[in-house]
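This report is for a reader who is seeing the structure for the first time. Please look over the sequence and the 3D view before reading on.

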Amino acid sequence: MDIEVRTEFQKRLHEAVAHEAEAAGSYHRLATAVNLANERMGGRTIERRKLARIGRGDNVPLTYAEIEALDIFLKPKGRGLTTLLERPTILRSFVDQDRVSLFIGAKAYREDDPPHYESTYVSGWDVRSLAFMERAIGAARPGIRFGVEEVFLRSADELARMRDPGVEIAREAWNEIMTDGQTSAIVTIGTQRACHATEVCLATMLGVAPFKRGADPRLSSSPVQFVWSCDEYDRLPSSFAVIGQQREISPSERPRKTIALKVLNKTFEVRAEGDLMYDFGLIAAQRRRTGIWLVIAGLSGRRPTRRRCSWRRSPRMFLGPTRGGLRRCSSR
Amino acid sequence: MLLAVIEAQLKRDVNRRGDNREVKTQKVALVDKWEAPDFARR
């Protein structure tokens, strides 16, 4: 008896072709689309019946030209053969993206700064994450373009004056990049307490309106919930925040603004045990029509290091894969 | 949508430097699908 062994690559190619055939409506239409995509690239073609066999998961012999034809068609859809051959990881999935926009929370210069000293404050941890992401994605896809967007944090007073923060914050320049339908990949760094882009990104991924508190401040049906203190809940409207009670803390500790993270009703509580602190971070990723969207959010918001950064409030700044604005940061 | 929670165990007095920390992945969950509903509508 023959036992058919299907490789991981075969399974992924089968899944990708079946998905595209469903989107196209039929294998005939898919074959037309593949051949059309290859028209200006040497005229490689692949036949409808062969696509249907791949879509069924059959073991199909492919010529080099057919492999290239499939790659040319699938690559702009984020499923090029490089992606299908590699072990799938979130960062490897960026190889088919042309551009990555990274969003970090920022604060404008403080009132106690000299008037001429206009600078932007960003968290040291966020800068570390930014540098790591740039390095890791750049290694996976050399030559990929990076854009860094500072998302200025609105104060509690500003937010309180807004009639609808979701609408007003959506008018900011950085939000246009998320909604222009052109950006390949979006990465937001920092919790929504520090970066409004995280709130917008999570809300879009989960299909809910951003900056909307739930009817019951202690309950939420969202698969992702941030359990905040009462003060923090009142300060910042969020569609993912609920009020929680933190356990008794010692007099030497300051009350925490974020108490826990709930993912699919499992609770991860920020806590101290002995000389250890248990802290958590959330990674949420989704493949969307315009590219990969990724949220990287810590919980506690500790800012042990603060970097003074010379970036001006330029609406957009695109960095090369190895050189760029990060070099201009210096520790204080 | 892919959801992962990262747990970090930090020494309380040295997390300022980020040293002596152990980080482990606590949970990885898939909510519905990795692809957004709009992914097929191209």
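The sections below take up helices, a sheet and a loop of chain A, and end with chain B.

## Basis

The structure described here is a predicted model.

## Helix H3 of chain A

Helix H3 of chain A covers residues 48–56, and A:Leu51, A:Ile54 and A:Gly55 are buried in it. Seen down the axis of H3(A), these buried residues fall within an arc of 100°, so they line one face of the helix. A:Arg49 and A:Arg56 are exposed on the other side of H3(A). The cover over the buried residues of H3(A) includes helix H1 (8–24) and helix H2 (27–37) of chain A. After H3(A) comes A:Gly57, which has a positive phi near 90°.

A:Leu51 belongs to helix H3 of chain A. A:Leu51 counts as buried because it has 23 C-beta neighbours inside 10 Å, the cut-off being 20 or more. Apart from neighbours within four places in sequence, A:Leu51 is in contact with A:Val17, A:Ala21, A:Tyr27, A:Leu30, A:Ala31 and A:Ile46. Between the C-alpha atoms of A:Leu51 and A:Leu70 there are 9.5 Å, and the two residues are 19 residues apart along the chain.

## Helices H2 and H4 of chain A

Two packed helices are described by the angle between their axes and the distance between the axes. For H2(A) and helix H4 (residues 64–74) of chain A, the axes come within 8 Å and cross at roughly 90°. From H2(A), A:Ala33, A:Val34 and A:Ala37 meet A:Ala69, A:Leu70, A:Ile72 and A:Phe73 of H4(A). Sorted by class, this contact of H2(A) with H4(A) has seven nonpolar residues, no polar and no charged ones.

The buried residues in H4(A) are A:Ala69, A:Leu70, A:Phe73 and A:Leu74. They fall within an arc of 120° when seen down the axis of H4(A), so they line one face of the helix. An α-helix has 3.6 residues a turn, so residues three or four places apart point the same way. H1, H2 and helix H5 (81–85) of chain A are included in what covers the buried residues of H4(A).

## The four-stranded sheet

Chain A has an open sheet of four strands in the order S6-S5-S7-S8, with mixed pairing. Strand S6 (241–243) and strand S8 (266–269) of chain A are the edge strands, each pairing on one side only. From one strand to the next, the twist averages 30°.

Strand S5 (residues 224–228) and strand S7 (residues 258–263) of chain A run antiparallel and are joined by five bridges. A:Val224 has A:Val263 as its bridge partner in S7(A).

## The loop between S7 and S8

Which residues here have a positive phi? A:Leu264 lies in the loop between S7 and S8 of chain A. Its phi is near 50°, a positive value in a residue other than glycine. A:Leu264 counts as partly exposed because it has 13 C-beta neighbours inside 10 Å.

A:Asn265 is also in the loop between S7 and S8 of chain A, and phi of A:Asn265 is near 70°, a positive value in a residue other than glycine. With 7 other C-beta atoms within 10 Å, A:Asn265 is exposed.

## Chain B

The secondary structure of chain B consists of zero helices and two strands. Chain B has 42 residues, of which 14% count as buried.

Key: Residues are numbered from 1 along each chain as its sequence is written. Chains are lettered from A and ligands numbered from 1 in the order in which they are written. This is a predicted model: local features need pLDDT of at least 70, side-chain atom pairs count only at pLDDT 80 or more; totals for chains, interfaces and linings use all residues. Two strands pair if DSSP finds at least two bridges between them. Axes are lines fitted to C-alpha atoms, for helices over the stretch in contact, and angles run from 0 to 180 degrees between N-to-C directions. A residue is buried if 20 or more other C-beta atoms lie within 10 Å of its own, exposed if 12 or fewer, and partly exposed in between; C-beta atoms are placed from the backbone. The arc is that of the directions from the helix axis to the C-beta atoms. Two residues are in contact if their C-beta atoms, placed from the backbone, lie within 7 Å. Ala, Val, Leu, Ile, Met, Phe, Trp, Tyr, Cys and Pro count as nonpolar, Asp, Glu, Lys and Arg as charged, and the others, Gly among them, as polar.
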